[in-house]
Amino acid sequence: MSEVQLKNVTKSFGAMKVIPDLNLTVPDGSFTVLVGPSGCGKSTLLRIISGLEMPTGGNVLIGGQDVTLEEPSKRGISMVFQSYALYPHMTVAQNIDFGLRLAKMPTAERETRVAEAARILALEDYLDRKPGQLSGGQRQRVAIGRSIVRHPKVFLFDEPLSNLDAALRTQMRVELAQLHQSLDATMIYVTHDQVEAMTLADQIVVMNAGRIEQVGAPMELYDRPQTEFVAGFIGSPK
Ligand code: ADP
Ligand code: MG
């Protein structure tokens, strides 16, 4: 069970109310995509779910458990950013393994998990290379590998493909969809790319100025946008 629930979540930075009052349920095992204009609070929301940021008010529940006060490493969540932040002096295998080593996991278990991640991400032939010897798409796969080995229940992605060129984005979209299938995890994915949202999501959350405009399946939003904002953002209604 890894449903994610936000209950009356608010967030202010000083006098600025970035999230006035937000309620959202992300179903267990779903691929939920958050879209909305720059500055509307998407990254802030992910950071609140991951625990990197405390909400000003309200509650975060994962699998029915209130984790609002739980530290990030205990939430069973993993976050993938657009900047890959790989260690240039370490090999692919060492990069993927790094978090497990920090967590002092036994070597045999670490090796098993790194091998599993490499298989899922088709990185088996690259484990001894350094990040500088990889393509952009391969580097992004290594970054995802670092998440996979932790066996999180929930993956958070903050515009993970925005630094990649168009062809690679298309390829990575396919790979992310396969990843979701094979891991059977809950994914919450931020993008400002409509095509990415429409193709990856089984649920799209449209945000505007810290509020949710509409939640629904891609075609539902496309066919029956409830506000002009959603219509403008997702596609053109009749
Ligand atoms: P998005 O990811 O949708 O582009 P963000 O969540 O990054 O939006 O930001 C939402 C709003 O909150 C923006 O106005 C941003 O400037 C502000 N903000 C985000 N983080 C901070 C912070 N640490 N301190 C002050 N303001 C912040
Ligand atoms: Mg952002």
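In what order do the six strands of the open sheet lie, and is their pairing parallel, antiparallel or mixed?

Reply: The model is a predicted one, and the description below should be read accordingly. The six strands of this open sheet follow the order β6-β7-β8-β3-β9-β10, and their pairing is mixed. The edges are taken by β6 (77-80) and β10; each has a single partner strand, so one side of each is left without a neighbour in the sheet. From one strand to the next, the twist averages 15 degrees.

Strand β7 (residues 154-158) and strand β8 (residues 186-190) run parallel and are joined by five bridges. In this pair, Leu156 of the one strand stands opposite Ile188 in β8. Strand β9 (residues 203-208) and strand β10 (residues 211-216), by contrast, pair in the antiparallel sense, over five bridges. Here Val205 stands opposite Val215 in β10. β9 and β10 form a hairpin with two residues between the strands, and in that hairpin Ala209 adopts a positive phi near 50 degrees. As a general point, the strands of a sheet pair through backbone hydrogen bonds, in either the parallel or the antiparallel sense.

The chain also contains an open sheet of four strands. Its order is β2-β1-β4-β5, and the pairing is antiparallel. At its edges stand β2 (16-26) and β5 (65-66), each with a single partner strand, so that one side of each lacks a neighbour in the sheet. Helix α1 (residues 42-50) packs on this sheet and touches β1, β2 and β4; the direction of α1 makes about 120 degrees with that of β1.

Strand β1 has two partners in this sheet. With β2, β1 runs antiparallel and is joined by seven bridges; in β2, Met16 is the bridge partner of Phe13. The hairpin of β1 and β2 has two residues between the strands, and Gly14 takes a positive phi near 60 degrees in it. With strand β4 (residues 57-62), strand β1 (residues 4-13) again runs antiparallel, here through five bridges. Lys7 has Asn59 as its bridge partner in β4.

Phe13 also belongs to the surroundings of ligand 1. The residues around this ligand are Phe13, Val18, Gly36, Ser38, Gly39, Cys40, Gly41, Lys42, Ser43 and Thr44. By class, this shell comprises three nonpolar, six polar and one charged residues. The element that gives the most to the shell is α1, with three residues.

The axes of helix α2 (residues 92-102) and α4 come within 7 Å and cross at roughly 35 degrees, and the crossing is right-handed. From α2, the residues that make the contact are Val92, Asn95, Ile96, Phe98 and Gly99; from α4, they are Val142, Gly145 and Arg146. Four nonpolar, three polar and one charged residues make up this contact of α2 with α4.

Helix α4 (residues 136-148) also packs against helix α5 (residues 166-183), at an angle of about 35 degrees and with the axes 10 Å apart. The crossing of α4 and α5 is likewise right-handed. In this contact, Gly136, Gly137 and Gln140 of α4 meet Leu168, Gln171 and Met172 of α5. Its residues divide into two nonpolar, four polar and no charged.

Finally, the chain as a whole may be considered. Its secondary structure comes to eight helices and 10 strands. The C-alpha trace spans about 50 × 40 × 30 Å along its principal axes. For 238 residues, a compact globule would have a radius of gyration near 18 Å, and the value of 18 Å for this chain agrees with that.

To return to the request, the six-stranded sheet is an open, mixed one, with β7 and β8 as a parallel pair and β9 and β10 as an antiparallel pair.

Definitions and conventions:
Residues numbered from 1 in each chain as written. Chains lettered and ligands numbered in written order. Predicted model: local features only at pLDDT ≥ 70, side-chain atom pairs only at ≥ 80, totals over all residues. Pairing = 2+ DSSP bridges. Contact = placed C-beta atoms within 7 Å. Axes fitted to C-alpha atoms, helices over the stretch in contact; angles between N-to-C directions. Near = placed C-beta within 6 Å. Nonpolar A, V, L, I, M, F, W, Y, C, P; charged D, E, K, R; others polar. Left-handed = near helix turned anticlockwise from the far one by under 90°. Rg over C-alpha atoms; globule rule 2.2 N^0.38 Å.
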